[in-house]
Amino acid sequence: IENSSHSTVGYIKTDGTIENKNHSTIGYIKSDGTIGSKSHSTVGYVKKDGTVENSSHSTMGYIKDDGTVENSSHSTIGYARGVKKEWAAVAFFFFKLD
């Protein structure tokens with residue numbers, strides 16, 4: 001995962017483990033779209049349609065099929081073409097990307 005300056009801020013391993021830039025585990029993506037913290041407590045969800053929700057099921061944003069990432073007001077905030085929706089949604093929970 002890179003920020004707007006193309007500096008690496010984190011990694012997502014194929015098993016769903018989320019790591020910071022120093023390769024320390026900071027979270028997990030489960031196969032059902034649940035996103036958990038490093039202590040495995042639920043921080044959010046990614047629904048099959050790309051809706052990103054926090055742990056209280058409030059909508060935080062959307063990941064569209066074409067890779068467009070939108071905030072809760074449907075304004076485009078980025079692009080994640082060619083990656084799984086769950087992977088793109090991780091940025092909402094673990095990385096501040098400016």
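## Thr17 and its surroundings

Not counting residues up to four places away in sequence, Thr17 touches Tyr11, Ile12, Thr25, Gly27 and Tyr28; contact here means heavy atoms within 4.5 Å. This is a predicted model, in which local features need pLDDT of at least 70, side-chain atom pairs count only at pLDDT 80 or more, and totals for chains, interfaces and linings use all residues. Residues are numbered from 1 along each chain as its sequence is written, and side-chain values use heavy atoms, with hydrogens and water left out.

Thr17 sits in strand E2. Helices (H or I, at least four residues) and strands (E, at least two) are DSSP runs, numbered from the N terminus. With a relative accessible area of 10%, Thr17 is buried; buried means under 20% relative accessible area, exposed over 50%, and partly exposed in between (1.4 Å probe, protein chains only). The side chains of Thr17 and Asp15 are joined by a polar contact of 2.8 Å. A polar contact is a pair of N or O atoms within 3.5 Å; within protein, one must be able to donate a hydrogen and the other to accept it, and residues adjacent in sequence count only if both atoms are side-chain atoms.

## The sheet and its helix

Now for the overall layout. Nine strands make an open sheet, in the order E1-E2-E3-E4-E5-E6-E7-E8-E9, with antiparallel pairing. Strand E1 (10–12) and E9 are the edge strands, and each pairs on one side only. From one strand to the next, the twist averages 20 degrees. Two strands pair if DSSP finds at least two bridges between them.

Helix H1 (residues 85–94) lies across E1, strand E2 (17–20), strand E3 (25–29), E4, E5, strand E6 (51–54), strand E7 (59–63), E8 and E9. The helix runs at about 145 degrees to E7; axes are lines fitted to C-alpha atoms, for helices over the stretch in contact, and angles run from 0 to 180 degrees between N-to-C directions.

## Two strand pairs to look at

Strand E4 (residues 34–37) pairs with strand E5 (residues 42–46) in the antiparallel sense, over three bridges. Thr34 has Tyr45 as its bridge partner in E5.

Further along, three bridges join strand E8 (residues 68–71) to strand E9 (residues 76–79), again in the antiparallel sense. Opposite Glu70 stands Thr76 in E9. The hairpin of E8 and E9 has four residues between the strands, and His74 there takes a positive phi near 70 degrees.

Thr68 belongs to strand E8 and is buried, at 9% relative accessibility. Its side chain makes a polar contact with the side chain of Asp66 (2.8 Å). Not counting residues up to four places away in sequence, Thr68 touches Tyr62, Ile63, Thr76, Gly78 and Tyr79.

Gly78 is found in strand E9 and is buried too, with a relative accessible area of 18%. Leaving aside neighbours within four places in sequence, Gly78 is in contact with Gly67, Thr68 and Val69. Gly78 and Lys64 are 14 residues apart in sequence and 11 Å apart in space, C-alpha to C-alpha.

In soluble globular proteins, nonpolar side chains tend to be buried together. The largest nonpolar core here has 15 residues, and those with the most contacts inside it are Ile18, Ile35, Ile63, Ala89 and Val90. H1 gives the most to this core, with four residues. A nonpolar core is a set of buried Ala, Val, Leu, Ile, Met, Phe, Trp, Tyr and Cys residues joined through side-chain atoms within 4.5 Å.

Ile63 is worth a look in the viewer. Leaving aside neighbours within four places in sequence, Ile63 is in contact with residues including Val52, Thr68, Val69, Ala88, Ala89 and Phe92.

## Salt bridges

Side chains of opposite charge can pair when their charged atoms come close. The count comes to four salt bridges, a salt bridge being a side-chain nitrogen of Lys or Arg within 4 Å of a carboxyl oxygen of Asp or Glu. Among them is the one between Glu19 and Lys13 (3.9 Å, N to O), where Glu19 is buried at 8% and Lys13 is partly exposed at 39% relative accessibility.

Glu53 and Lys47 also meet through their side chains (3.5 Å, N to O); Glu53 is buried, with a relative accessible area of 8%, whereas Lys47 is partly exposed at 42%. Another salt bridge links the side chains of Glu70 and Lys64 (3.8 Å, N to O). Here Glu70 is buried, with a relative accessible area of 11%, and Lys64 is partly exposed at 32%.
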